[in-house]
Every structure is written in structure tokens, then in C-alpha cells.
Amino acid sequence: MVKERFCNPVFIAVFILIILLYSKAVKIKDRYPYCSIIPQKDVVYLKGKLLSTPVKSSSGKTYSAVLSLHSVGKELHTGTSSSSLMQSEGSGKINILIPAEMVEAFYPGKLFSPAKRKGAFLWEAGGVYTVKGKAVSNQFLVNECKNAYFPENAYGKIDFFRALCRLQFKRLMYSWGNGGGLLLALLSGSKEYTEPSVTEAFKKSGLSHILALSGMHLSMFSGIAMFIGKKIKRKKLSFIIRTVAVILFVWFAGFSPSLLRAFICNFLLILSSLSDNENPDMLSILCFSFLLQTIITPDSLFNIGFILSYTALAGILIFNRLFTRIYVRFLPSYFTMSLSSSTAAQIFTAPISLKVFGSFYPIGIIATSIISPLITFFIYSGLALIILSLVFPFISTASGFFVNIQYNVIKLLVGFFAKL
């Protein structure tokens, strides 16, 4: 069995590719480099379409996003007190850093953030923004937004609808207090309302992966859709429901490297189920996903989320059975599987954590086994309460109360593991 697994052509191809790429024997060329007659270091104006949802930095002072350039501009000093603007077409992608007060101008609880005339606009993927600032290394630091709009075409209207949905969702979660803040992070990837102390506790408990949108979250939505599909007992309709559920979740949450991995793997599993293959080789699916994602977004290869996502799942698929045989000797069967998966993932990702972050939290092996089921229940119950609150708004306050009861239990346990 082991020989067949490691002699798999897809596994061998991925193994060789990993050696070539991460040893830098083969360099990846930037597909979308900055291109304009104005040098990037001289640019003070940018206009382009936002390709990703802004993500808050660890400092909390800025948000990072990727902008697809339409045009650029630089100031021409004429020798007087005034200056004129030289504009040029531009192309490529550039990472922009946006001040937090600009992005959060419309967020609940932050409506009176000091925008300081920098421009109060809704910052979401799909919008077209004209910004002023300065180039810093290979990034652009925004200090003012001159204009923003969503295109009037079909794609623009869909992106604007998504932006409004995310804003409304944040307003509902904000009304639920700290419990809503954690639920918001788990369902949309937005951590603006997650308590900093709780985020730190998740990190020190070796549970940071739970707050990062990944396969666990996507599998829940796929599982709900699969349950509905089985009740319907129509295979093609079940396939459609699962596919739509997965696409809608990723569309709403936004693509991140780890979520894209989960999306590809989930979609391959759905196709496998449609072809009557109920027990596909998960390692082959993971390897094929790696190859496909490398082709689609080669720039994400050195993203730490991408690396940890693949190594954790690879560890589970390769070593899970080994640890299961060890743990089953002295632990109940219902606890063995969870602890085996957690051990395999933690050990496989430990060298990367030590290299990148300089730290590794072994307590995460036990913490994951206990906290993950609670988080799963928290998300499922939260989804049910969200739907009920939207249909019956008068129960929103009571829903927030039940969410916070669960949140306080999770916070207490995560804090305990963080101290250990």
C-alpha cells in the first residue's frame, strides 16, 4: 500500500516540482509585472480594479490588497509652487497598503473613524479605485482615495452586491458582540471584531489554522449540501447543490491560497462522487490540486498559508494511520481519529513553523482535538441562528445571547491551552 502510494506518478511529479521550486533551482516568472512608461518609484497616482478583499495587517494600521492597474500618474514640478500631473496607461498587479481608517469608514462601530478627508468608500474586491500615495519597495502606500465605483456591467453589479452582503453581515455580527466577531472571522475571514487577546490565545494554543479560512470551513458547507442532496435522492441535483454551495461560500469569503486549495480539492471530490468513485485516493487529489493551483496562481507558492495548508493535509494523509495504530492501544476509538489527525498535521508543519515564525506549540495536538468539534458546532449553530434572525428579526438579540454562551466556553478553553 505504501509502495503504491509513493510510486503514484502524480505524487512523484509533485515531489520533483517541490524540490525544483523551493530550492529555487527553477524561478517563477511574474505573470503580471508592473508595466508603464512611468517608473514605479515615481508613481503617486494609481487607478485600477481591486482583485482581492482587503486583509488587515498584524499591526492593525493598514489593510493589504491586490490592485490590477488601469493607469498611473506622477507629479511634474514646473518650477513654481504648483505642479501638473503626467498620466500614462499601466498594466500588471501591485500590492497596495490602505490605512485602516479608510477601509473601516463604513464598518459598524467604526462609522466615525478619522478618515481625515482621505476618502470614505466601500473597499471590496471588484471596485475600481483612484488613489494617491507613494511607492514603498514593491508596494504602494495609499494616503488618499480620490474616487471609487463599481462598474455598471453584470460583473460590477455582482461584485457590488457581494460588497453590500458582506457589510450587512458585519453589521449583524457586530450586534452579537464578541461571539459575533469570532463567527464573522470563521465565516468570512474578517477579523476586525475578534478580540486581540482571543486571537493571541488561538496562536499560542497552536490553533491559528482554525481562524484561517480553509478546508474545515468549506467542508461544512459542502457537508450541509451533501446532506440535503441525499435527502432528495437525485444524484445530479445533489451534485448541483454541492457545487453551488461551495462556489457561493468561496465567492462570499473571497479566495485565499488555503481556501483555493480547499475549493479545488472539494470540487475534485464532487466530480469523483458524480463518477461513482466513493473512495478516491485523497493523496492523489491533494497532489493534483497542488499542480492545478501552481498553474492557476503560481504567485501563491511562497505564501505561508498555502504552504501550511498543503503540508498539514499531506501529513494527515501520510501519517494518520500510523498514529491511529499507536493511539488505539490506550485511547477510546472516538478520540483516536481526531488526535491522530492533529498529531500528523502538527508534526508535519512543525519545521515550517519553526523556520518562519521561530516557534511551535505542541499543545495544539491536544487542543485541536478538543476545540475543533466545539468550533464546528459553533459554526453550524451560528448559521442556523443567522438564518432564523434574518427571517424573524425579533429573535436576533436572543440568538446573540446563545452565540456568546458558546463563545465564552471556547474562549475559556482556548485560554487554558494557551497558558499550558
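**Reading a predicted fold: loops, rings and helix contacts**

Reader: Where in the chain is the place of K24?

Author: K24 belongs to the loop between α2 (9-22) and β1 (45-50). Such elements are DSSP runs, numbered from the N terminus: helices are H or I with at least four residues, and strands are E with at least two. The model is a predicted one, in which local features need pLDDT of at least 70 and side-chain atom pairs count only at pLDDT 80 or more, while totals for chains, interfaces and linings use all residues. Residues are numbered from 1 along each chain as its sequence is written, and side-chain values use heavy atoms, with hydrogens and water left out.

Reader: Is K24 buried or exposed?

Author: The general idea is a set of cut-offs on relative accessible area: buried means under 20%, exposed means over 50%, and partly exposed lies in between, with a 1.4 Å probe and protein chains only. K24 has 58% relative accessibility and therefore counts as exposed.

Reader: What is the phi value of S137?

Author: For S137, phi is near 55°, again positive in a residue other than glycine. S137 is located in the loop between β6 (128-136) and β7 (139-149), and S137 is exposed because its relative accessible area is 67%.

Reader: How many helices and strands does the chain have?

Author: The chain has 15 helices and seven strands. Among its 420 residues, 45% count as buried. A contact means heavy atoms within 4.5 Å. Of the contacts in the chain with a separation of 6 or more, 66% come from residues 24 or more positions apart.

Reader: How is a pair of aromatic rings described?

Author: The description uses the distance of the centres and the angle of the planes. Rings of Phe, Tyr and Trp (its six-membered ring) pair if their centres lie within 6.5 Å; planes under 30 degrees apart count as stacked, over 60 as edge-to-face and the rest as tilted. This rule gives 17 aromatic pairs. One of them joins F263 and F267, which are stacked at 6.2 Å centre to centre with 20° between the planes. These two residues are four apart in helix α10 (residues 257-274), so F263 and F267 are separated by about one helical turn. F263 counts as buried because its relative accessibility is 17%, whereas F267, at 28%, counts as partly exposed.

Reader: What are the distance and the angle between the planes for F323 and Y327?

Author: F323 and Y327 form a stacked aromatic pair, 6.3 Å centre to centre with 25° between the planes. Both lie in helix α12 (residues 304-327), four residues apart, about one turn of the helix. F323 and Y327 are both buried. Elsewhere, F290, F306 and Y310 make up one aromatic cluster.

Reader: Which residue lies over the face of F252?

Author: A charge sits over a ring if NZ of Lys or CZ of Arg is within 6 Å of the ring centre and within 35 degrees of the ring normal. Here R166 lies over the face of F252, at 5.8 Å from the ring centre.

Reader: At roughly what angle do the axes of α5 and α15 cross?

Author: Axes are lines fitted to C-alpha atoms, for helices over the stretch in contact, and angles run from 0 to 180 degrees between N-to-C directions. Angles under 35 degrees count as roughly parallel, over 145 as roughly antiparallel, 65 to 115 as roughly perpendicular and the rest as oblique. The axes of α5 (residues 177-188) and α15 (residues 396-419) come within 8 Å and cross at roughly 75°, so α5 is roughly perpendicular to α15. In this contact, G177, N178, G179, G180 and L182 of α5 meet V403, N404 and Y407 of α15. By class (Ala, Val, Leu, Ile, Met, Phe, Trp, Tyr, Cys and Pro nonpolar; Asp, Glu, Lys and Arg charged; the others, Gly among them, polar), the contact residues are three nonpolar, five polar and no charged.

Reader: How are α10 and α12 oriented to each other?

Author: Their axes come within 7 Å and cross at roughly 40°, and α10 and α12 are therefore oblique to each other. P257, S258 and R261 of α10 make the contact with G305, F306, S309, Y310 and L313 of α12. These residues divide into four nonpolar, three polar and one charged.

Reader: With which residues is S396 in contact, leaving aside its neighbours within four places in sequence?

Author: S396 is in contact with L172, S175, W176 and S389, once neighbours within four places in sequence are left aside. S396 lies in helix α15 and is buried, with a relative accessible area of 15%.
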